[in-house]
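Please look at the sequence and the three-dimensional structure shown below.

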Amino acid sequence: MREALGGSHRRGLLLLGVLGLATLPTCKSKAPPLLFHAGAGQRSSLDEIAAVFSARNPGARIDFSYKGSGYFIADVAASKMGDLYLPGEEYYLLQAVERGFITDYSPSTDIAAHFITVIITPKGNPQGVRTIADFARPGLRIGLADPEAAAIGFWQERTFKRAGIWEQVKKNATMFAKCIPELGNATQLGAVDATIVWATTAVLYLKDIEIVPIEPAYRGLIRLPVAVLAFSRQPELARKLKAFILSEEGRAIFHSHAYGIGVGPADAEGFCADDGQATAEDMRWLVEAARVAKDPAIPVSQATVGHLVKEVTRQRKTKL
(Lines give C-alpha, C1' and ligand atoms only; values in the text may rest on other atoms or scores of the structure.)
Protein backbone atom coordinates (compact mmCIF):
# COMPACT_ATOMS: atom_id res chain seq x y z
CA MET A 1 0.00 0.00 0.00
CA ARG A 2 2.82 2.41 0.96
CA GLU A 3 4.64 1.56 -2.29
CA ALA A 4 1.47 2.22 -4.28
CA LEU A 5 1.01 5.57 -2.58
CA GLY A 6 4.67 6.40 -3.15
CA GLY A 7 4.41 5.53 -6.82
CA SER A 8 1.33 7.70 -7.20
CA HIS A 9 3.08 10.54 -5.41
CA ARG A 10 6.10 10.31 -7.72
CA ARG A 11 3.87 10.23 -10.81
CA GLY A 12 2.01 13.28 -9.51
CA LEU A 13 5.26 15.20 -8.99
CA LEU A 14 6.43 14.22 -12.47
CA LEU A 15 3.17 15.45 -14.01
CA LEU A 16 3.39 18.75 -12.14
CA GLY A 17 6.97 19.15 -13.35
CA VAL A 18 5.98 18.61 -16.96
CA LEU A 19 3.12 21.08 -16.65
CA GLY A 20 5.44 23.57 -15.01
CA LEU A 21 7.94 23.31 -17.84
CA ALA A 22 5.16 23.81 -20.35
CA THR A 23 4.40 27.22 -18.86
CA LEU A 24 7.97 28.50 -19.12
CA PRO A 25 8.98 30.68 -22.11
CA THR A 26 10.94 28.85 -24.76
CA CYS A 27 13.57 29.90 -27.23
CA LYS A 28 10.91 29.77 -29.92
CA SER A 29 8.65 32.36 -28.24
CA LYS A 30 7.84 35.22 -30.58
CA ALA A 31 8.91 38.72 -29.61
CA PRO A 32 6.03 41.18 -29.38
CA PRO A 33 5.49 43.36 -32.45
CA LEU A 34 6.86 46.87 -32.57
CA LEU A 35 4.10 49.40 -31.94
CA PHE A 36 4.60 52.29 -34.36
CA HIS A 37 2.55 55.45 -33.84
CA ALA A 38 2.23 57.33 -37.14
CA GLY A 39 0.08 59.99 -38.74
CA ALA A 40 -2.73 58.77 -41.00
CA GLY A 41 -1.10 60.44 -44.02
CA GLN A 42 1.97 58.18 -43.81
CA ARG A 43 0.17 54.85 -44.23
CA SER A 44 1.11 53.99 -47.84
CA SER A 45 4.84 54.62 -47.48
CA LEU A 46 5.23 53.10 -44.02
CA ASP A 47 3.33 49.95 -45.00
CA GLU A 48 5.83 49.42 -47.82
CA ILE A 49 8.81 50.20 -45.58
CA ALA A 50 7.50 47.72 -43.00
CA ALA A 51 7.15 44.98 -45.63
CA VAL A 52 10.74 45.45 -46.81
CA PHE A 53 12.12 45.65 -43.26
CA SER A 54 10.23 42.55 -42.07
CA ALA A 55 11.40 40.54 -45.08
CA ARG A 56 15.02 41.35 -44.23
CA ASN A 57 14.60 40.78 -40.50
CA PRO A 58 12.82 37.44 -40.01
CA GLY A 59 10.61 37.47 -36.95
CA ALA A 60 10.33 41.25 -36.85
CA ARG A 61 6.71 42.36 -36.74
CA ILE A 62 5.34 45.88 -36.85
CA ASP A 63 1.89 47.03 -35.76
CA PHE A 64 0.94 50.55 -36.82
CA SER A 65 -1.40 52.88 -34.97
CA TYR A 66 -2.48 55.34 -37.68
CA LYS A 67 -4.56 58.36 -36.75
CA GLY A 68 -4.65 62.13 -36.75
CA SER A 69 -1.42 63.40 -35.19
CA GLY A 70 -3.22 65.46 -32.57
CA TYR A 71 -4.49 62.35 -30.82
CA PHE A 72 -1.16 60.68 -30.06
CA ILE A 73 0.14 62.62 -27.10
CA ALA A 74 -2.93 61.87 -25.00
CA ASP A 75 -2.88 58.20 -26.05
CA VAL A 76 0.80 57.73 -25.31
CA ALA A 77 0.59 59.65 -22.04
CA ALA A 78 -2.16 57.33 -20.85
CA SER A 79 -0.74 54.02 -22.07
CA LYS A 80 3.05 54.54 -21.94
CA MET A 81 3.16 52.08 -24.82
CA GLY A 82 4.87 52.26 -28.19
CA ASP A 83 8.26 51.88 -29.83
CA LEU A 84 8.44 54.49 -32.59
CA TYR A 85 6.72 57.77 -33.40
CA LEU A 86 6.40 59.52 -36.78
CA PRO A 87 3.74 62.24 -36.60
CA GLY A 88 2.57 64.44 -39.46
CA GLU A 89 4.39 67.52 -38.17
CA GLU A 90 7.48 68.16 -36.05
CA TYR A 91 5.38 70.19 -33.60
CA TYR A 92 3.74 67.01 -32.32
CA LEU A 93 7.02 65.18 -31.84
CA LEU A 94 8.48 68.11 -29.89
CA GLN A 95 5.50 67.79 -27.52
CA ALA A 96 6.58 64.21 -26.88
CA VAL A 97 10.15 65.39 -26.25
CA GLU A 98 8.89 67.95 -23.69
CA ARG A 99 6.98 65.19 -21.88
CA GLY A 100 10.07 62.98 -21.69
CA PHE A 101 8.57 60.36 -24.02
CA ILE A 102 11.52 60.83 -26.41
CA THR A 103 15.06 61.44 -25.19
CA ASP A 104 17.36 61.18 -28.22
CA TYR A 105 15.77 63.23 -31.00
CA SER A 106 18.12 65.12 -33.33
CA PRO A 107 16.36 67.78 -35.48
CA SER A 108 19.30 67.82 -37.89
CA THR A 109 19.50 64.08 -38.65
CA ASP A 110 16.15 62.49 -37.79
CA ILE A 111 13.99 63.93 -40.59
CA ALA A 112 12.75 61.07 -42.77
CA ALA A 113 11.14 63.15 -45.51
CA HIS A 114 8.88 66.15 -46.08
CA PHE A 115 5.22 66.61 -46.80
CA ILE A 116 4.52 69.18 -49.51
CA THR A 117 1.16 70.91 -49.53
CA VAL A 118 -0.95 70.92 -52.71
CA ILE A 119 -4.47 71.89 -53.74
CA ILE A 120 -6.82 69.14 -54.85
CA THR A 121 -10.21 69.49 -56.55
CA PRO A 122 -12.76 67.03 -57.93
CA LYS A 123 -12.05 65.54 -61.36
CA GLY A 124 -12.05 68.23 -64.03
CA ASN A 125 -11.71 71.04 -61.45
CA PRO A 126 -15.26 72.27 -62.16
CA GLN A 127 -14.84 75.47 -60.11
CA GLY A 128 -11.52 76.41 -61.73
CA VAL A 129 -9.54 76.67 -58.50
CA ARG A 130 -5.97 77.63 -59.43
CA THR A 131 -4.53 79.70 -56.57
CA ILE A 132 -4.75 80.10 -52.82
CA ALA A 133 -6.71 83.33 -53.34
CA ASP A 134 -9.48 81.34 -55.05
CA PHE A 135 -10.39 79.70 -51.74
CA ALA A 136 -11.94 83.00 -50.61
CA ARG A 137 -14.39 83.16 -53.54
CA PRO A 138 -17.98 83.30 -52.23
CA GLY A 139 -19.94 80.12 -52.72
CA LEU A 140 -17.03 77.68 -52.91
CA ARG A 141 -17.34 74.57 -50.72
CA ILE A 142 -14.02 74.26 -48.90
CA GLY A 143 -12.79 71.24 -46.96
CA LEU A 144 -10.82 72.02 -43.81
CA ALA A 145 -9.39 69.81 -41.07
CA ASP A 146 -9.46 70.37 -37.33
CA PRO A 147 -5.93 71.54 -36.39
CA GLU A 148 -6.35 69.99 -32.94
CA ALA A 149 -6.82 66.58 -34.55
CA ALA A 150 -4.83 66.57 -37.82
CA ALA A 151 -1.59 68.25 -38.81
CA ILE A 152 -2.99 69.32 -42.19
CA GLY A 153 -5.53 71.52 -40.40
CA PHE A 154 -2.70 73.41 -38.74
CA TRP A 155 -1.10 74.01 -42.14
CA GLN A 156 -4.33 75.05 -43.83
CA GLU A 157 -4.88 77.72 -41.21
CA ARG A 158 -1.28 78.88 -41.41
CA THR A 159 -1.46 79.12 -45.21
CA PHE A 160 -4.71 81.07 -45.37
CA LYS A 161 -3.61 83.42 -42.61
CA ARG A 162 -0.41 84.14 -44.53
CA ALA A 163 -2.56 84.95 -47.57
CA GLY A 164 -4.82 87.17 -45.44
CA ILE A 165 -8.00 85.25 -46.32
CA TRP A 166 -8.53 82.99 -43.29
CA GLU A 167 -11.84 84.55 -42.23
CA GLN A 168 -13.31 84.31 -45.74
CA VAL A 169 -12.17 80.70 -46.10
CA LYS A 170 -13.77 79.72 -42.80
CA LYS A 171 -17.08 81.06 -44.09
CA ASN A 172 -16.73 78.79 -47.13
CA ALA A 173 -15.87 75.70 -45.09
CA THR A 174 -18.45 72.92 -45.34
CA MET A 175 -16.51 70.24 -43.43
CA PHE A 176 -13.96 70.00 -40.61
CA ALA A 177 -12.22 66.65 -40.93
CA LYS A 178 -10.61 64.74 -38.08
CA CYS A 179 -7.97 63.17 -40.34
CA ILE A 180 -6.61 63.86 -43.78
CA PRO A 181 -8.12 60.84 -45.62
CA GLU A 182 -11.55 62.37 -44.95
CA LEU A 183 -10.54 65.35 -47.10
CA GLY A 184 -9.33 63.12 -49.92
CA ASN A 185 -12.53 61.09 -49.85
CA ALA A 186 -14.74 64.20 -49.83
CA THR A 187 -12.91 65.63 -52.84
CA GLN A 188 -13.08 62.32 -54.70
CA LEU A 189 -16.85 62.25 -54.20
CA GLY A 190 -17.31 65.90 -55.16
CA ALA A 191 -18.55 66.84 -51.70
CA VAL A 192 -16.12 69.80 -51.59
CA ASP A 193 -14.82 72.02 -54.40
CA ALA A 194 -11.26 72.30 -53.11
CA THR A 195 -9.00 71.61 -50.17
CA ILE A 196 -5.32 71.57 -49.24
CA VAL A 197 -3.68 68.22 -48.49
CA TRP A 198 -0.24 66.66 -48.52
CA ALA A 199 1.01 65.54 -51.93
CA THR A 200 1.20 62.03 -50.44
CA THR A 201 -2.57 62.09 -49.91
CA ALA A 202 -3.30 63.60 -53.31
CA VAL A 203 -1.38 60.85 -55.10
CA LEU A 204 -3.77 58.21 -53.73
CA TYR A 205 -6.71 59.66 -55.69
CA LEU A 206 -5.17 60.30 -59.12
CA LYS A 207 -8.07 58.94 -61.18
CA ASP A 208 -10.74 60.99 -59.43
CA ILE A 209 -9.19 64.38 -58.65
CA GLU A 210 -7.04 67.15 -60.09
CA ILE A 211 -3.82 68.29 -58.41
CA VAL A 212 -2.95 71.98 -58.45
CA PRO A 213 0.53 72.98 -57.23
CA ILE A 214 0.43 75.80 -54.69
CA GLU A 215 2.32 79.00 -55.47
CA PRO A 216 5.79 78.80 -53.86
CA ALA A 217 5.09 81.59 -51.35
CA TYR A 218 2.34 79.42 -49.82
CA ARG A 219 3.81 75.97 -50.48
CA GLY A 220 4.42 74.24 -47.16
CA LEU A 221 7.47 72.03 -46.64
CA ILE A 222 6.67 69.99 -43.56
CA ARG A 223 9.43 68.16 -41.72
CA LEU A 224 8.61 64.55 -40.82
CA PRO A 225 10.69 63.41 -37.84
CA VAL A 226 11.00 59.85 -36.62
CA ALA A 227 12.08 58.86 -33.11
CA VAL A 228 12.25 55.90 -30.74
CA LEU A 229 10.02 56.24 -27.68
CA ALA A 230 11.71 56.15 -24.28
CA PHE A 231 9.57 53.24 -23.05
CA SER A 232 10.14 51.02 -26.11
CA ARG A 233 10.05 47.31 -25.22
CA GLN A 234 12.48 46.52 -28.05
CA PRO A 235 14.73 49.58 -28.36
CA GLU A 236 17.43 47.82 -30.38
CA LEU A 237 15.00 46.66 -33.05
CA ALA A 238 13.22 50.03 -32.99
CA ARG A 239 16.52 51.83 -33.61
CA LYS A 240 17.26 49.45 -36.47
CA LEU A 241 13.93 50.27 -38.12
CA LYS A 242 14.51 53.97 -37.57
CA ALA A 243 17.90 53.68 -39.28
CA PHE A 244 16.29 51.98 -42.29
CA ILE A 245 13.67 54.73 -42.52
CA LEU A 246 16.43 57.35 -42.57
CA SER A 247 18.59 55.45 -45.08
CA GLU A 248 18.85 56.32 -48.76
CA GLU A 249 16.70 53.30 -49.59
CA GLY A 250 14.06 54.28 -47.06
CA ARG A 251 13.94 57.83 -48.38
CA ALA A 252 13.56 56.50 -51.94
CA ILE A 253 10.46 54.61 -50.82
CA PHE A 254 9.06 57.82 -49.37
CA HIS A 255 9.80 59.65 -52.61
CA SER A 256 7.93 57.01 -54.65
CA HIS A 257 4.84 57.91 -52.60
CA ALA A 258 5.14 61.66 -53.35
CA TYR A 259 7.05 62.74 -50.26
CA GLY A 260 9.60 65.48 -50.73
CA ILE A 261 13.28 64.51 -50.61
CA GLY A 262 15.74 67.38 -50.95
CA VAL A 263 13.01 70.03 -50.93
CA GLY A 264 15.29 73.05 -50.64
CA PRO A 265 15.24 75.81 -48.02
CA ALA A 266 12.19 76.83 -46.01
CA ASP A 267 11.53 80.11 -44.25
CA ALA A 268 10.93 80.50 -40.51
CA GLU A 269 7.29 79.44 -40.89
CA GLY A 270 8.09 76.37 -42.99
CA PHE A 271 7.12 77.70 -46.42
CA CYS A 272 9.18 77.30 -49.57
CA ALA A 273 12.02 79.85 -49.66
CA ASP A 274 13.62 79.23 -53.09
CA ASP A 275 10.72 80.27 -55.33
CA GLY A 276 9.82 76.62 -55.79
CA GLN A 277 12.97 75.58 -57.63
CA ALA A 278 13.77 72.44 -55.60
CA THR A 279 10.17 71.18 -55.64
CA ALA A 280 9.22 72.20 -59.20
CA GLU A 281 9.97 68.80 -60.74
CA ASP A 282 8.03 66.90 -58.07
CA MET A 283 5.04 69.19 -58.65
CA ARG A 284 5.24 68.64 -62.41
CA TRP A 285 5.23 64.86 -61.98
CA LEU A 286 2.22 65.03 -59.66
CA VAL A 287 0.18 66.87 -62.28
CA GLU A 288 1.34 64.46 -64.98
CA ALA A 289 0.58 61.43 -62.81
CA ALA A 290 -3.03 62.59 -62.40
CA ARG A 291 -3.33 63.04 -66.17
CA VAL A 292 -1.74 59.70 -67.06
CA ALA A 293 -3.72 57.74 -64.46
CA LYS A 294 -6.93 58.85 -66.17
CA ASP A 295 -5.82 58.09 -69.75
CA PRO A 296 -5.10 54.41 -70.52
CA ALA A 297 -3.68 55.41 -73.92
CA ILE A 298 -0.59 56.92 -72.27
CA PRO A 299 2.09 54.42 -71.21
CA VAL A 300 3.20 54.45 -67.58
CA SER A 301 6.96 54.93 -67.33
CA GLN A 302 9.57 57.18 -65.79
CA ALA A 303 9.35 59.26 -68.94
CA THR A 304 5.66 59.97 -68.34
CA VAL A 305 5.26 60.01 -64.54
CA GLY A 306 8.79 60.14 -63.12
CA HIS A 307 9.21 58.63 -59.65
CA LEU A 308 5.47 57.90 -59.30
CA VAL A 309 5.43 54.83 -61.58
CA LYS A 310 4.38 52.39 -58.85
CA GLU A 311 1.42 54.43 -57.69
CA VAL A 312 0.12 55.23 -61.18
CA THR A 313 0.48 51.56 -62.18
CA ARG A 314 -1.43 50.47 -59.08
CA GLN A 315 -4.29 52.85 -59.77
CA ARG A 316 -4.43 51.96 -63.45
CA LYS A 317 -5.18 48.39 -62.36
CA THR A 318 -8.04 49.37 -60.07
CA LYS A 319 -11.52 49.42 -61.60
CA LEU A 320 -12.96 52.07 -59.33
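This is a predicted model: local features need pLDDT of at least 70, side-chain atom pairs count only at pLDDT 80 or more; totals for chains, interfaces and linings use all residues.

Residues are numbered from 1 along each chain as its sequence is written, and side-chain values use heavy atoms, with hydrogens and water left out.

In soluble globular proteins, nonpolar side chains tend to be buried together. A nonpolar core is a set of buried Ala, Val, Leu, Ile, Met, Phe, Trp, Tyr and Cys residues joined through side-chain atoms within 4.5 Å. Buried means under 20% relative accessible area, exposed means over 50%, and partly exposed lies in between (1.4 Å probe, protein chains only). The largest nonpolar core here has 97 residues, and Phe-36 and Phe-135 touch the most other members. Strand E4 supplies the largest share of this core, eight residues. Helices (H or I, at least four residues) and strands (E, at least two) are DSSP runs, numbered from the N terminus.

Contact means heavy atoms within 4.5 Å. Leaving aside neighbours within four places in sequence, the contacts of Phe-135 include Ile-119, Val-129, Leu-140, Phe-160 and Ile-196.

The aromatic rings come next. A pair of aromatic rings is described by the distance of the centres and the angle of the planes. Rings of Phe, Tyr and Trp (its six-membered ring) pair if their centres lie within 6.5 Å; planes under 30 degrees apart count as stacked, over 60 as edge-to-face and the rest as tilted. The structure holds 14 aromatic pairs. In one of them, the ring centres of Phe-64 and Tyr-66 are 5.0 Å apart and the planes are at 10 degrees, so this pair is stacked. Phe-64 is partly exposed because its relative accessibility is 22%, whereas Tyr-66, at 16%, counts as buried. Phe-135 and Phe-160 form a tilted pair, with 5.1 Å from centre to centre and 50 degrees between the planes. Phe-135 lies in the loop between strand E4 (111-122) and strand E5 (142-145) and Phe-160 in helix H5 (residues 151-163), so the pair ties together parts that are 25 residues apart in sequence. Phe-160 is buried, with a relative accessibility of 1%.

Tyr-91, Tyr-92, Phe-154, Trp-155 and Phe-271 form one aromatic cluster. A charge sits over a ring if NZ of Lys or CZ of Arg is within 6 Å of the ring centre and within 35 degrees of the ring normal. Arg-158 lies over the face of Trp-155, at 4.8 Å from the ring centre, and Arg-284 lies over the face of Trp-285, at 4.1 Å from the ring centre.

Side chains of opposite charge can pair when their charged atoms come close. A salt bridge is a side-chain nitrogen of Lys or Arg within 4 Å of a carboxyl oxygen of Asp or Glu. There are 15 salt bridges in the structure. In the salt bridge of Arg-56 and Glu-249, the closest N and O atoms are 2.6 Å apart. Arg-56 lies in helix H2 (residues 43-56) and Glu-249 in helix H10 (residues 248-256), so this pair ties together parts that are 193 residues apart in sequence. Asp-110 and Lys-242 form another salt bridge, with the closest N and O atoms 3.1 Å apart. This pair links distant parts of the chain, as Asp-110 is in the loop between helix H4 (90-98) and E4 and Lys-242 is in helix H9 (residues 235-246), 132 residues apart. Asp-110 is buried, at 5% relative accessible area, and Lys-242 is buried, at 11%. Arg-162, Asp-267 and Glu-269 are linked in a network of salt bridges.

Phe-53 lies in helix H2 and, at 3% relative accessibility, counts as buried. Not counting residues up to four places away in sequence, Phe-53 touches Ala-60, Ile-62, Leu-237, Lys-240, Leu-241 and Phe-244. In H7, Ile-180, Leu-183, Gly-184, Ala-186 and Thr-187 are buried. These residues cover an arc of only 165 degrees around the axis, which puts them on the same side of H7; the arc is that of the directions from the helix axis to the C-beta atoms. Just after H7, Gly-190 takes a positive phi of about 75 degrees.
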